[in-house]
Structures are given as C-alpha cells and as structure tokens.
Amino acid sequence: MMGRKIAVLFGGNSTEYGVSLQSAASVIQCINTEQYDLFLIGIDRETGQWYWYQGETEWISEDCWKQKGVCLPVYPCTDKSLHGLCCMEKGRVNILSLDAAFPVLHGKNGEDGTVQGVLELAGIPVIGCGLLSSALCMDKEAAHRIAAAEGIRTARSVTLKKGYSLQRAMEAAGMLGYPLFVKPVRSGSSFGIAKVSEEMGLHQAIENAFRHDSAVMLEEMIEGFEVGCAVLGTDTLFTGAVDEIELSDGFFDYTEKYTLKSSRIHVPARIPAKKAEEIKRTALRLYRLLGCRCFARVDMFLTQSGEIYFNEVNTIPGFTAHSRFPNMLEAAGLSLEESVSRLLEME
C-alpha cells in the first residue's frame, strides 16, 4: 500500500543554504520510508530552480546533490486540484501529486512566507507555519509591534529605510543608548547584525545591515541573557525545556551559533522552575499571537530582575542533532525521530 506522499524541501536561494542541507539530511534520516513516500526537492542556491532529487541522502549534507542523472527539474503546478509539482520526463509532462510539503529551508526565500505562498497556490498543504505567520515572524519590526500591542515587553527600537538621514540615525541611537544592536528587519541567522558600542561604528554597521534588507532596525540592548522555547503543535501545543545561551563575549552571531567557540547552551536553562514556566507561557502566547502552526522556536531575553522580553520567532529552526530546537524537545522527553513523526501528521 502506498504511503502518504511527502515532499521535503531543502537548499534554497538563501545565505543559509548550507544550514538547510544539514537540517534536511537530519530530517530525512528520521522519516520512516515504509510509512511515507518521500520526494526530495532541492532548490538551487544561485538560480532558485527546484529539482526532484533522487540520489543519496549523504550527498545532500555534503552539498554534492546537484548531479546529472539524479536531478529532474520540477515546477509548482498552479492547478490546485492536482496539488503537486510538474516535471518533464521523456518528452511529456507528469504530475507529482503530494499530500504535504515540509520546507526545511532557513532564511529568506524559504522561511519568510515566499515558498509557503507558492505551495498554497499549488494546493499543497504545508507542514509548518503558513504564509502570513512566516512573513510576520521574519519581519522583526512587525512582530515586535504586535507583541507590544498585547502587553509583551520588547526592546525599544527605531527603523531606518533606504535614503535615511545619518544625523537622525545618530540621534535615534543616542536616545536608545549604547551599546545597541543594528540589524536587518528581515533576515535570518544573525546575518547583518552588529553590536555597536559607540557612535563611531554606527554608520558602517547600518550600511552592512542594508546589504541584507531594505529596512534596518536600531535596537536597544537588553541587559540579560537569551532563553528559548521550542513549541510543537497547532491546536494542542507541546513545549520543550527552556534553554539558555551563556555568552563569554559579544553576542550570539552566525559563527557562534554553529561553532560555540565562546558560548554554551544549557538545556534546561539554569533558572528557577517557576520562571521557566513563565517563559513557556509567554512563548505560547507569542506562538498563537503570530499565527504559528506545527512548530517554531520562540526566543526571548531574561533580565537579572526576572523580566521577559520578546526577541524573535524562528519558524523553521535547525533540525540537526546539535540544534537548539530538537535538543529542547528531547530534554522534555521527545526524541528527534518522534518530533519529526508528529510533524508529518500535522499539515
């Protein structure tokens, strides 16, 4: 008997292409192929072309998956009744009808609602957050405004657009106080983010951030440390153990996330159980407020006085054995294999 047809999307036209390959390979290895018919859909980093990949899983993690003989170009079919992808085989167009698609894509052009919108047009159910919640969570300014309107603490910030006045930017920075953070409004995995300790470094940090987006935020630094909470589910929600990032210097940038050279992640966080429960409740409020479904990681800051500040929601967190999201769930009693199994039934 044929199993449910699931497409796993990996790669992507994104600066986080390499991380997606590692996450996707990990997810694929967790899926029971006797229960599901898998279609591996690789997205080219440079062109954004979609391919039906039919090679070894190891080639994905090694980034040598795009080879002749194992890659067939495919295109989302906009006839919703077919809910699938079009592919050309032996001179004729065939349809790969799918029951659901699981995007394991990080950053822009994958986590920001663009791919989710394409899948929605094709009538393919998405395992994960939909178009609107993906776009909102990627947009730090919009997410913070919504959270603040609901009474959840957020850092003070000022947003700059192209053609901004440097003088006004400096005045805004002075109002926020140094050190502060400069970050693209829509970007993933800390790309383009800088911690600025004095006015002299502000202009360069802003210009660097504009390389990643058309809008840039100046954000006050919250004195405290970062905590996170993994959430799984749509109607009934399951939370992982709260984790804590311990930094010896700087901030949790892209390099630190994947090397942990000068930082450590503690799961569970070294905080009182009552405070951990409060963080979980805040994570669930944000998850529902921003329309998340299936899964997401909610990141917050905890100050020395015990105040919780919203940082961001990562709608497609890393899925490797070393990633924060699965480790938080595992600390709560749910293995990576069990987490993936639950997700495949959630679309």
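Leaving aside its neighbours within four places in sequence, with which residues is G84 in contact? In this predicted model, whose residues are numbered from 1 along each chain as its sequence is written, local features need pLDDT of at least 70, side-chain atom pairs count only at pLDDT 80 or more, and totals for chains, interfaces and linings use all residues. Side-chain values rest on heavy atoms, with hydrogens and water left out.

Beyond those neighbours, G84 is in contact with P76, C77, L96, S97, L98, A122 and I124, contact meaning heavy atoms within 4.5 Å. G84 belongs to strand 5 (residues 84-89); strands (E, at least two residues) and helices (H or I, at least four residues) are DSSP runs, numbered from the N terminus. Because its relative accessibility is 0%, G84 counts as buried; buried means under 20% relative accessible area, exposed over 50%, and partly exposed in between (1.4 Å probe, protein chains only). The C-alpha atoms of G84 and V8 are separated by 13 Å, the two residues being 76 apart along the chain.

An open sheet of seven strands has the order 6-5-4-3-2-1-7, with mixed pairing; two strands pair if DSSP finds at least two bridges between them. At its edges stand strand 6 and strand 7 (100-103), each pairing on one side only. Neighbouring strands of this sheet are turned by 35° against each other on average, direction ignored; axes are lines fitted to C-alpha atoms, for helices over the stretch in contact, and angles run from 0 to 180 degrees between N-to-C directions. Strand 5 pairs with strand 6 in the antiparallel sense over six bridges, and R92 in strand 6 is the bridge partner of E89. Helix 1 (residues 17-30) lies across strand 1 (4-11), strand 2 (36-43) and strand 7, at about 150° to strand 1.

Strand 6 (residues 92-97) also holds V93, which counts as exposed because its relative accessibility is 51%. Together with M88 and I95, V93 forms a nonpolar patch on the surface, with about 260 Å² of accessible area in total.

A further open sheet consists of four strands in the order 8-11-9-10, with antiparallel pairing. Strand 8 (157-161) and strand 10 (194-196) are at the edges, each with a single partner strand, so one side of each has no neighbour in the sheet. Three bridges join strand 9 (residues 180-184) to strand 10 in the antiparallel sense, and L180 stands opposite V196 in strand 10. Two helices lie across strands of this sheet. Helix 5 (residues 140-149) lies across strand 8, strand 9 and strand 11 (215-220), at about 50° to strand 11. Helix 7 (residues 202-210) lies across strand 8, strand 9, strand 10 and strand 11, at about 25° to strand 9.

Strand 16 (residues 295-303) is mostly covered, with nine of its nine residues buried. The buried residues are F295, R297, D299, F301 and T303 on one side, and A296, V298, M300 and L302 on the other. Strand 16 runs antiparallel to strand 12 (residues 224-232), to which nine bridges join it; E226 stands opposite F301 in strand 16. Six bridges join strand 16 to strand 17 (residues 308-314), again in antiparallel fashion, with M300 opposite F310 in strand 17. The hairpin of strand 16 and strand 17 has four residues between the strands, and G306 there takes a positive phi near 90°.

Technical notes:
Patch = residues over 30% accessible without salt bridge, like charges linked within 9 Å, V, L, I, M, F, W, Y side chains within 5 Å. Areas by Shrake-Rupley, 256 points an atom, 1.4 Å probe, with all protein chains shown as cover. Salt bridge = Lys/Arg side-chain N within 4 Å of Asp/Glu carboxyl O.
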